[in-house]
Amino acid sequence: MLKNHLIIALRNLYRHKSYSLINILGLAIGIACCILIFLFVRHEWTYDAFHEKADNIYRVLLIGKTAEGEEYTQSVTPLPLASALSTQFPDISQAVRLRSGGSMVVRHGDNMFREEAILYADSHFFEMFSFSLNQGNPATALNEKNSVILSHAMAEKYFGDEASLGQRLTIDDDELIVSGVAKKIPDNSSIRFDFLIPYEKLQDKGGWSYSSTSWNSSSTYTFIELNDPMQASALEEQLPDFVTSHFPENYTPQLSLQPLTAIHLNPDVRFGLVSASDPSLSYILSGIALLVLLIACINFMNLTIGRSSHRAKEIGMRKVLGAQRTQLMRQFWGEAVLLSCFALVLGVALGHLFLPTFNTLAEKSLIFDYSTDWSTLLALIGMIGLVALIAGSYPALILSRFSPISVLRNQLQIGGPNLFTRSLMVIQFALSVLLIICTFIMFQQLDY
């Protein structure tokens, strides 16, 4: 039976080439749009998920009030906070301090550049975060105060093909020895660096003695790792007492814990290491993808309605010869699945073709990964199912109901004043106009 359905479906697609081509092309364009937007949204929602301990890591936030009484939330905290938290709360397995070095002049021989992505970190930074090194031992690379870890790009920039380990760099008049070269940091990381320097090196900077004991000054990012992430709520309930016992009486802010994987999609927090993203952007793009795909599916149904009269006699004859409605429904849905598979292949090809342009527009480095990331394959399979379900619903549910007597007597009325068919046309054109208007608005906004 399955073989018979497949043969009939292929025969119908081949017999009506123009109809099949229009349907496949329309669905393929919708699928290509959905694939590209899926890659973008997945990239946004998987920030920092590559860390092995991502579920256990939290950033400590400080909530205070301005002189005007407005509440603010910031990611920088007092320097002694990390040590005090890990000492007082046994649920915290370790705490790591980070601090941005800002803009510094880096020199090696005759090469001198001003660099921005400079980060200070505690020596056990690599125990908490899953960054890897191409060269050097992550367990000891930050043990020496005068050491520095470079990104792969910076190692090539300053040393070319030479071995980087043991080389000397001058960073703002401090001579540091290269102790490691990091692998490329994933694009979806909220922690980025080109130069990683031990936090203790800040002791050589002015104001260290005050900052190391002051609870009034905030300049440090504090990350904690919990033994059990289920204890996060219980720990937060104890933080008000912790603030009361450690912060001065004239300065009593609130402290809260933010999951590592929630950092990127929370733009309301001030002074992040990298710019956060507004989650509404992902929702808007997801909605656009679904609308484009819905337009393609409605177009499929409209074309199917237009061809209903050509298939009506086929349906009537098959019913006269004993075909059940469920068999006809399987036949029509099978044709929709087959056509969706063809559209998917073409849609994936279009996605690959337009991905470089999309990356340039979105300022991302998105890739298709079928081997290690199963979400891409699951998304494609789900897309086939969704398209086949929606696009094949009219022929499967409506055409299969045709009465063989009405069909053979030419008494069947198709289209015309049918509310369903008119609604499909209105919805299709309304959604198309809506997307066109949104495109013009976004273009004008970007141009502005």
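## Cavities, pockets and cores

The count comes to two cavities of 30 Å³ or more, where a cavity is a set of points, on a 1 Å grid over the protein atoms alone, at which a 1.4 Å probe fits but cannot get out. The structure is a predicted model in which local features need pLDDT of at least 70 and side-chain atom pairs count only at pLDDT 80 or more, while totals for chains, interfaces and linings use all residues. Residues are numbered from 1 along each chain as its sequence is written, and side-chain values use heavy atoms, leaving out hydrogens and water.

The second largest cavity is lined by Ile35, Phe38, Phe368, Thr376, Ala379, Leu380 and Met383; lining residues have an atom within 4 Å of a point. H2 and H11 are the elements that give two or more residues to this lining, and H11 gives the most, with four residues. Helices are DSSP runs (H or I, at least four residues), numbered from the N terminus.

A pocket is an open set of points with protein on both sides within 12 Å along at least five of seven lines. Volumes here are the space filled by probe spheres set on the points, which are joined across faces, edges and corners. In the classes below, Ala, Val, Leu, Ile, Met, Phe, Trp, Tyr, Cys and Pro count as nonpolar, Asp, Glu, Lys and Arg as charged, and the others, Gly among them, as polar.

| Space | Volume | Lining by class |
|---|---|---|
| Largest pocket | about 1,100 Å³ | 21 nonpolar, five polar, two charged |
| Second largest pocket | about 430 Å³ | six nonpolar, five polar, four charged |
| Second largest cavity | about 40 Å³ | six nonpolar, one polar, no charged |

Of the 28 residues lining the largest pocket, Leu285, Phe358, Leu361, Ala362 and Met442 lie nearest its centre. The elements giving two or more residues to that lining are H2, H8, H10 and helix H14 (419-447). The second largest pocket has 15 lining residues, with Arg42, His43, Asn188, Ile367 and Asp373 nearest its centre.

The largest nonpolar core has 34 residues, and Leu27, Ile31, Ile35 and Phe300 have the most contacts inside it. Such a core is a set of buried Ala, Val, Leu, Ile, Met, Phe, Trp, Tyr and Cys residues joined through side-chain atoms within 4.5 Å; buried means under 20% relative accessible area with a 1.4 Å probe, protein chains only. Two or more residues come from each of helix H2 (17-45), helix H8 (279-306), helix H10 (325-362) and helix H11 (374-391). H2 gives the most to this core, with 13 residues. Apart from this core lies another, of 25 residues, including Ile57, Phe131, Ile185 and Leu260.

Key. Buried < 20%, exposed > 50% of the residue type's maximum accessible area, 1.4 Å probe, protein only.
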